[in-house]
Amino acid sequence: MSDKSMLGMTNPKHKPEKVNILGTDYEIIETTANDEPRLENADGWCGYYDNQILIESNAFKHHQGGDVELLKTEYKKFIKRHEICHAFFNESALDDYNRNEQLVTWIARQFPKMLKAFEQVDAI
Ligand SMILES: [Zn+2]
């Protein structure tokens, strides 16, 4: 048993994705708080020492009504964007920005709209 498996970090529910953040590869792992204690009080986690971004598989489990599957999918995408923003700030050594959850959440929420605006005017 490796150190990682003892910490519950090698039992992802899905095959990990990788994303390159400013030259550093981060693994994106969808898992649950049962397998990954770092998700006990959060739906997402950005690990700066192991470069792992964790996404809670059961996020949104308490939501009822509406198109729950669509909401789950969109919420997981939002969580993924949020944690990737943390990774960008971490790799940029912008620690004050990284600790600012309001800023990180704002970027995660608004980025799709910003991208659309940039694309509309050929600014990207
Ligand atoms: Zn955060």
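Residues 1-10 keep a pLDDT under 50 in this predicted model. For that stretch, the model has 10 contacts beyond four places in sequence. Across the chain, pLDDT averages 87. A score of at least 70 is reached by 83% of the residues.

**Overall make-up**

- The chain holds four helices and four strands.
- Along the sequence, these elements run in the order α-β-β-β-β-α-α-α.
- The chain has 124 residues, and 25% of them are buried.
- Take the contacts between residues at least 6 apart in sequence: 47% of these join residues at least 24 apart.

**Helix α2: span and end**

- Helix α2 covers residues 68-91, which makes 24 residues.
- Ala93 follows α2 and has a positive phi, near 55 degrees.

**Helix α2: buried residues and their cover**

- The buried residues of α2 are Ile79, His82, Glu83, Ile84, Cys85, His86, Ala87, Phe89 and Asn90.
- An α-helix has 3.6 residues a turn, so residues three or four places apart point the same way.
- Strands β1 (17-21), β2 (24-31), β3 (44-47) and β4 (52-56) are among the elements that cover these buried residues.
- Helices α3 (95-99) and α4 (101-120) also belong to that cover.

**Packing of α2 against α4**

- The axes of α2 and α4 come within 8 Å of each other.
- They cross at roughly 130 degrees. The two helices are therefore oblique to each other.
- The crossing of α2 and α4 is right-handed.
- On the α2 side, the residues that meet α4 are Phe78, Arg81, His82, Cys85 and His86.
- Their partners in α4 are Val104, Thr105, Ile107, Ala108 and Phe111.
- Of the α2 residues in this meeting, His82, Cys85 and His86 are among those that count as buried.

**Asp43, a buried loop residue**

- Asp43 sits in the loop between β2 and β3.
- Asp43 is buried, because 20 other C-beta atoms lie within 10 Å and 20 or more is the cut-off.
- Beyond its neighbours within four places in sequence, Asp43 is in contact with Glu56, Ala59 and Ile79.
- Ile79 is itself one of the buried residues of α2.
- Asp43 and Lys76 are 33 residues apart in sequence. In space, their C-alpha atoms are 8.5 Å apart.

- Most residues other than glycine have a negative phi.
- Asn51 has a positive phi, near 55 degrees. Asn51 lies in the loop between β3 and β4.
- Asn51 has 17 other C-beta atoms within 10 Å, so this residue counts as partly exposed.
- Asp122 also has a positive phi, near 50 degrees. Asp122 lies in the segment after α4.
- Asp122 is exposed, because its C-beta neighbours inside 10 Å number 6 and exposed residues have 12 or fewer.

Definitions and conventions
Residues numbered from 1 in each chain as written. Predicted model: local features only at pLDDT ≥ 70, side-chain atom pairs only at ≥ 80, totals over all residues. Expected span 1.5 Å × (residues − 1). Contact = placed C-beta atoms within 7 Å. pLDDT = per-residue confidence, 0-100. Axes fitted to C-alpha atoms, helices over the stretch in contact; angles between N-to-C directions. Parallel < 35°, antiparallel > 145°, perpendicular 65-115°, else oblique. Left-handed = near helix turned anticlockwise from the far one by under 90°.
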